Amino acid sequence: MNKAMQSPCTRCQKPRIISKTWTETIETYSGKSVITHTETICPDPECQLVVDKQLTASRERNAQAKEDREKRMAQRMQANAASKFAASAAAAEEASK
Ligand SMILES: [Zn+2]
């Protein structure tokens with residue numbers, strides 16, 4: 001569970017240090033659950049700056065990819081709904097014969 005604490009910096013492989021921890025309470029279908037977040041940074045501030053930049057860039061890419069995926073998913077669901085409708089219409093027709 002504490003893997004994040006031991007994971008080394010992706011750039012310089014120095015063991016990362018914890019910059020902050022915080023807890024978050026989220027509502028789930030089975031009740032409330034508390035998640036502990038840990039943010040780790042590289043002990044080398046210059047290295048951390050570079051890592052931050054890379055992270056921001058990849059986050060932006062991920063956000064874009066997620067948007068694309070959601071768009072495709074919505075299209076697929078529409079197509080599915082349409083074909084289901086067609087199938088049930090055909091079945092109803094079949095049953096009425
Ligand atoms: Zn580093």
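Reader: Which residue in β2 does I26 stand opposite?
Author: I26 stands opposite S33 in β2. This is a predicted model, in which local features need pLDDT of at least 70, side-chain atom pairs count only at pLDDT 80 or more, and totals for chains, interfaces and linings use all residues. Residues are numbered from 1 along each chain as its sequence is written.

Reader: In what sense do β1 and β2 pair, and over how many bridges?
Author: Antiparallel, over eleven bridges, with β1 covering residues 17–28. Two strands pair if DSSP finds at least two bridges between them. Strands (E, at least two residues) and helices (H or I, at least four) are DSSP runs, numbered from the N terminus. A hairpin through two residues joins β1 to β2.

Reader: How many residues of β2 are buried?
Author: Zero of the eleven, so to speak a hardly covered strand, spanning residues 31–41. Buried is when 20 or more other C-beta atoms lie within 10 Å of a residue's own, exposed is 12 or fewer, and partly exposed is in between, with C-beta atoms placed from the backbone.

Reader: And helix α2, what about its length?
Author: Helix α2 runs over residues 45–95, and its 51 residues should span 75 Å at 1.5 Å a residue; the end C-alpha atoms are 72 Å apart, which agrees. The expected span is 1.5 Å times one less than the number of residues. The number of buried residues in α2 is one, so this helix lies largely in the open.

Reader: Switching topic: what are the domains?
Author: The domain assignment gives domain 1 (1–43) and domain 2 (46–97); such bounds come from an automatic or database assignment. Their centres, taken over C-alpha atoms, are 29 Å apart.

Reader: How many residues are in contact there?
Author: Six of domain 1 with four of domain 2, where contact puts the C-beta atoms, placed from the backbone, within 7 Å.

Reader: Where is confidence lowest?
Author: In helix α1 (residues 3–6), at a mean pLDDT of 52, while β1 is highest at 94. pLDDT is the predictor's confidence in each residue, from 0 to 100. The protein averages 90, and 94% of the residues score at least 70. Residues 1–5 stay under 50. Where pLDDT is low, the predicted coordinates should not be read in detail.

Reader: Thanks! Last one: what is the phi of Q13?
Author: Positive, about 65 degrees, although Q13 is not a glycine. Q13 sits in the loop between α1 and β1, and counts as exposed because it has 9 C-beta neighbours inside 10 Å.

Terms used:
Contact = placed C-beta atoms within 7 Å.
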